[in-house]
Protein chains: 2
Amino acid sequence: MNKKLVGACIIGQSGGPSSVINSSVLGAIKTALNAKEITRVYGANHGIVGVLNEELIDLELEDINELDLLRFTPSSALGSCRHKLKDPNVDDSEYLKILETFKKYDVRYFFYNGGNDSMDTCNKISKFCLEHGYECNVIGIPKTIDNDLYGTDHCPGYASSAKYIATSLMEIYLDTNVYDYGNITVVEIMGRNAGWLAGASCLAQISGFGPDLIYLPEVPFILEDFVDQVYEVYKKRGKALIAVSEGIKDLDGIYVSEYGQQGKEKDNFGHVQMGGLATYLAQIIKVKTGAKVRGIELSLLQRCSAHIASKTDYDEAYMAGEAAVVAAINGETDKMVGFECSRENGYTCKTKLVPLSEVANVEVKVPAAWINEAHNGVTQDFIDYLLPLIQGETELPKENGLPRFAKLKKILVDKK
Amino acid sequence: MNKKLVGACIIGQSGGPSSVINSSVLGAIKTALNAKEITRVYGANHGIVGVLNEELIDLELEDINELDLLRFTPSSALGSCRHKLKDPNVDDSEYLKILETFKKYDVRYFFYNGGNDSMDTCNKISKFCLEHGYECNVIGIPKTIDNDLYGTDHCPGYASSAKYIATSLMEIYLDTNVYDYGNITVVEIMGRNAGWLAGASCLAQISGFGPDLIYLPEVPFILEDFVDQVYEVYKKRGKALIAVSEGIKDLDGIYVSEYGQQGKEKDNFGHVQMGGLATYLAQIIKVKTGAKVRGIELSLLQRCSAHIASKTDYDEAYMAGEAAVVAAINGETDKMVGFECSRENGYTCKTKLVPLSEVANVEVKVPAAWINEAHNGVTQDFIDYLLPLIQGETELPKENGLPRFAKLKKILVDKK
């Protein structure tokens with residue numbers, strides 16, 4: 001544990017947006033504004049890139065009412081980035097720049113709100129500060145709709161996406177079920193390597209208005225079995241609704257979405273850009289069954305649909321931001337806030353701290369025992385785990401029948 | 001005007017689903033159940049196909065609480081169809097079958113809930129009954145998210161889709177705006193020949209979180225101009241969000257979505273199947289700008305997202321169903337219920353009746369004066385027209401944090 005520090009703080013956001021990432025930032029900002037140990041509250045403009053470029057947002061100039069709307073506003077209000085810091089042993093120039101910014105603005109607290117890659121960034125900065133004798137408490141605030149962070153029961157952002165996915169699947173089920181002719185619909189859901197999001201479609205099954213089959217990336221995807229399974233459902237019901245994770249891979253570990261697509265772009269982290277899988281699978285099924293088919297990609301909508309966010313999710317996201325600041329002013333550093341939950345005698349959730357080194361770059365997958373034997377659905381355990389997280393409706397204020405999202409001024413501090 | 005009749009009624013649904021089509025059916029069912037002139041209340045299983053096959057749903061066996069949930073349940077609860085009746089002068093066999101069903105079950109009231117094609121069906125049946133001396137009052141209940149029916153201020157179903165589209169565009173705007181690098185997003189919105197739905201994205205512009213450019217099918221789409229206009233926005237803002245109607249056509253009247261796609265399937269009405277346009281346009285922009293691009297298709301979600309339905313819309317949809325039954329028992333026939341609205345001194349809406357022959361097969365487009373000179377946006381008139389229609393939030397009951405949609409028993413009457 002670090003000793004108690006007095007100085008400025010920087011709060012940054014990184015990676016893909018979510019419906020509740022700003023609720024975490026709000027929790028951190030408000031707690032920081034009230035903490036006597038924190039002398040100034042800065043936002044990093046576009047995450048670590050803002051720190052590198054010395055672009056700091058003066059959060060104390062924001063209207064408090066607009067700040068409060070962050071609880072309901074999707075996406076990353078401070079701006080995000082996908083910048084990957086180099087290995088400090090190979091090239092430490094960026095770390096030196098970060099340290100320089102920290103020193104210039106007397107930054108003694110750094111809060112970084114993001115997923116796996118962001119926790120890695122957080123961990124590296126924390127270690128670098130320590131090695132260079134610069135006292136700065138670094139705490140990661142978890143965020144990822146993918147729900148794949150280690151050391152926490154679940155990740156803020158996941159539940160709101162899950163609620164959107166389950167609700168949308170129910171609505172798509174009803175839509176595709178009305179005609180007197182057969183049809184098969186494939187819905188592609190985000191999730192590169194973990195099936196938490198595609199698996200969330202199981203909640204739609206509770207009502208009977210859910211997908212017939214669910215395919216996750218945790219188990220190998222065998223195209224022939226898939227076609228047979230879809231055909232079986234179609235023969236019985238005259239329709240079929242299928243949820244697939246974008247990240248399904250075959251026995252050789254090849255992403256099915258890459259079949260026939262050579263030379264696809266990779267992002268800065270080496271991830272392949274996904275998309276088009278639903279249409280591809282739908283066409284394959286069409287050949288086999290002759291049915292009318294449709295591929296639907298939930299795309300960005302599944303990660304930014306704040307209009308149907310889970311109240312439990314944004315309250316917990318806020319709590320995570322709050323806990324990060326409290327931990328840091330108590331002298332904690334190099335940790336991520338995690339959730340410890342109980343589902344016995346009702347659902348409870350409290351925060352805990354997890355060493356960043358344990359979290360960084362680990363991807364938590366759906367447990368094998370939660371996937372059914374046929375590899376085309378999930379078990380009751382998945383439902384029991386997820387259901388408490390999507391409870392409660394959003395209290396997002398409306399203006400003219402449309403969401404009233406926060407509008408920040410984002411005034412940058414003069415460079416020193 | 002027909003004389004007052006006593007007998008059974010059939011209520012049917014046809015064409016694509018909407019978020020509020022069942023609210024209209026509920027209005028019709030409840031009014032019919034209470035009308036002393038109506039002796040039995042039947043639903044047509046899959047619209048006119050159910051009448052042809054003598055598949056009638058006994059609506060009096062449904063639980064009243066489940067029926068009441070129809071107000072909030074998307075899609076067509078009685079089942080829909082896309083069956084096109086032949087020209088009776090060429091082949092009247094289907095009309096004779098319909099007449100036979102009507103006679104067998106003493107059907108004196110027929111209510112058909114659908115869009116342009118359904119109003120044509122309605123009109124033909126009405127005329128056929130008249131010509132064959134069979135007294136049956138036939139009233140059309142309007143439904144189409146496309147908002148292209150003649151003789152009404154707007155169509156039930158449109159506003160809920162508009163609310164979904166505007167909200168989603170705001171959320172997509174926020175999502176695509178967070179990164180420190182440029183990106184361009186193209187969102188494809190339904191609407192074969194009328195731009196009402198794509199135009200609805202203008203509501204997102206009110207908040208500043210809307211599309212930069214909007215392209216409607218009412219004006220020719222010139223690919224070169226489109227690319228230039230997107231590039232201009234991108235140069236200024238570093239981002240661009242574009243809403244396009246699936247039905248945009250070039251100067252030769254060719255659908256842009258058909259470029260390079262020979263031999264596409266047509267449905268029973270001769271409509272070409274749409275899709276893939278957003279990705280196509282995004283790729284074209286990528287070549288020109290080098291920007292990161294993404295195509296998003298709102299797909300079925302825009303017509304069935306009852307979780308974000310407009311209260312104004314489902315209340316009016318109910319009113320239309322109610323008005324249809326009231327008109328029929330008052331002796332009206334061969335009419336469609338329409339809306340007469342005023343937007344002066346607040347918004348008011350009342351029902352009226354329009355002759356079906358005037359409505360059938362006419363498509364109402366967005367007025368030319370409501371499209372801007374550059375053909376890439378709409379005017380304030382469009383906003384003033386649409387904004388009152390999306391007011392009010394849904395009161396959809398939830399169970400386990402998910403929608404509690406109606407579950408009808410749909411018990412078929414024994415064939416006579």
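**Close-ups of a predicted two-chain model**

**View 1. How chain A and chain B are related.** Turning chain A by 180°, with 0.0 Å of shift along the rotation axis, superposes it on chain B with an RMSD of 0.0 Å (least squares on the C-alpha atoms of residues with pLDDT of at least 70 in both copies). The two copies are thus related as by a two-fold rotation axis. Both copies use the same surface, since 100% of the contact residues of chain A recur in chain B (contact means heavy atoms within 4.5 Å).

This is a predicted model, where local features need pLDDT of at least 70 and side-chain atom pairs count only at pLDDT 80 or more, while totals for chains, interfaces and linings use all residues. Residues are numbered from 1 along each chain as its sequence is written, chains are lettered from A in the order in which they are written, and side-chain values use heavy atoms, without hydrogens and water.

**View 2. The interface of chain A and chain B.** Here 61 residues from chain A meet 61 residues from chain B. Together the chains bury about 5000 Å², with 58% of it on carbon and sulfur atoms (accessible area, 1.4 Å probe, lost on being put together and summed over both).

**View 3. A salt bridge between the chains.** Four salt bridges are found across the interface (a side-chain nitrogen of Lys or Arg within 4 Å of a carboxyl oxygen of Asp or Glu).

**View 4. Two helices packing in chain A.** Helix H4 (residues 93–104) and helix H5 (residues 116–131) of chain A pack at an angle of about 70°, their axes 10 Å apart. H4(A) and H5(A) are therefore roughly perpendicular (65 to 115 degrees). From H4(A), A:Tyr95, A:Leu96, A:Ile98, A:Leu99 and A:Phe102 meet A:Lys124, A:Ile125, A:Phe128 and A:Cys129 of H5(A). Eight residues of this contact are nonpolar, none is polar and one is charged (Ala, Val, Leu, Ile, Met, Phe, Trp, Tyr, Cys and Pro count as nonpolar, Asp, Glu, Lys and Arg as charged, the others as polar).

Terms used: Buried area = accessible area lost by both parts, 1.4 Å probe. Axes fitted to C-alpha atoms, helices over the stretch in contact; angles between N-to-C directions. Helix = DSSP H or I, 4+ residues; strand = E, 2+ residues; numbered from the N terminus. Parallel < 35°, antiparallel > 145°, perpendicular 65-115°, else oblique.
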